[in-house]
Amino acid sequence: MRALVWHGKEDIRCDTVTDPEIEQPRDAIVKVTSCAICGSDLHLFHNFIPAMLPGDVMGHEMMGEVVEVGPEAKGKLKKGDRVVVPFTIICGECDQCKRGNFSVCQRSNRKKDLADKVFGHATAGLFGYTHLTGGYPGGQAEYLRVPFADATHIKVPDGIPDEKVLFLGDIFPTGWQAAVQCDIQPTDTVAIWGCGPVGQMAIRSAMLLGAKQVIAIDHLPERLEMAEAGGAITINFDEESVVERLNELTGGEGPEKCIDAIGMEAHVSPSMPDTVYDRAKQMLGAESDRPHVLREMIYVCRPAGVISIPGVYGGLVDKIPMGQLMNKGLTIRTGQTHVNRWTDDLLRRIEEGQIDPSFVITHTVSLEDGPEMYKVFRDKQDSCIKVVLKP
């Protein structure tokens, strides 16, 4: 089959690889009909996330048709079922899964010993990501083996286009969880840093959850326009001070809730000296992530407020203002998304017409065009916000 394969830093190729097969009784094989390039794929593209190996198949946002089912998954799946595959692999039976904490499933990470050493305790297995999360082949491919498939799936009805439901596997529940973690009240201002795909979903989620006002921060015109279309007030950080504008919009009090939809690769600009500092430390190997957004959120967030972090961080950060954080009594909530906790509700909202997540798609191309689209997406060329690939 054809698949997008990691060969090293900024080297993704469309290769012919071995077709997946049933390996365990709870497995299923899915013929991929649509997949997407995610912002966190760029962390792998840039080799900022450790423990990638040449030959690893990329991709963790995919859906398709079940074509083969292992004997212990047949009670939940059958050939011909149409499924979205969450990026988190879940057993559905461990203590964490029973609590709905699916992204920290205790059984699905097949490289648990490695993850225990790095994280202290292993988290769930993820598709198409680092070997710290199991090193499972991803879904930017023609076919995908789904471990624990009886639990790791979202059935979707026929008649709804792929584009409306594809993002149930990652960015829609990620944006939703980011907003839910804020415990939004009707009087709240929610400020969201980053208007990429996850930020766009967080904007719509905060609106659906009843925020008084949502403020979106970015500098790319096409992203800011999309945020405005979703009902957000926008701030272009190239043109105005984020701190001053947020204080203007909140009567000097600051937003009650702040969402970091950027993560480890904050934009580097001489107008933000700490980003230059972070980039220099990255180049020296003294820091892995660029946490400008975290610093800014801690500074502007209203005392006793909440900071929610869906943006991916990979390692060590520097100069985090813990004194501000502690003295202001801020709460930080983080985590990879517990996808299956939210998907029944989100699928219902799609079916009822409350939201159509396909609004975020700007480019649809073949799988073979994937390597080039990684570069287009990275460089934000051609107003690129979200890429869907068709194997």
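Reader: Hi! How many salt bridges turn up across the interface of domain 1 and domain 2?
Author: Zero, by the rule used here, which asks for a side-chain nitrogen of Lys or Arg within 4 Å of a carboxyl oxygen of Asp or Glu. Do keep in mind that this is a predicted model, where local features need pLDDT of at least 70 and side-chain atom pairs count only at pLDDT 80 or more, while totals for chains, interfaces and linings use all residues. Side-chain values use heavy atoms, with hydrogens and water left out, and residues are numbered from 1 along each chain as its sequence is written.

Reader: Which element gives the most on the domain 1 side?
Author: Helix 12, with six residues. Helices here are DSSP runs of H or I with at least four residues, and strands are E runs of at least two, numbered from the N terminus.

Reader: Where do the domains run, anyway?
Author: Domain 1 covers 2-170 + 338-390 and domain 2 covers 172-334, with bounds from an automatic or database domain assignment. The contact takes 27 residues from domain 1 and 21 residues from domain 2, counting heavy atoms within 4.5 Å.

Reader: What area is buried between them?
Author: About 2,400 Å², with carbon and sulfur atoms giving 72%. That is the accessible area (1.4 Å probe) the two parts lose on being put together, summed over both.

Reader: Switching to sheets: what order do the strands of the open three-stranded one take?
Author: The order is 2-1-4, with antiparallel pairing; strands pair if DSSP finds at least two bridges between them. Strand 2 (12-16) and strand 4 (56-57) are at the edges with a single partner strand each, so one side of each has no neighbour in the sheet.

Reader: And which residue does Trp6 stand opposite in strand 4?
Author: Asp56. Strand 1 (residues 2-6) is joined to strand 4 by two bridges.

Reader: What about strand 18: is its pairing with strand 17 parallel or antiparallel?
Author: Parallel, over four bridges, with strand 17 spanning residues 363-366. Strand 3 (residues 28-37) pairs with strand 18 (residues 387-390) in the antiparallel sense, over three bridges.

Reader: Nice! Which residues face Val388?
Author: Ala36 stands opposite Val388, and Thr364 also has Val388 as a bridge partner.
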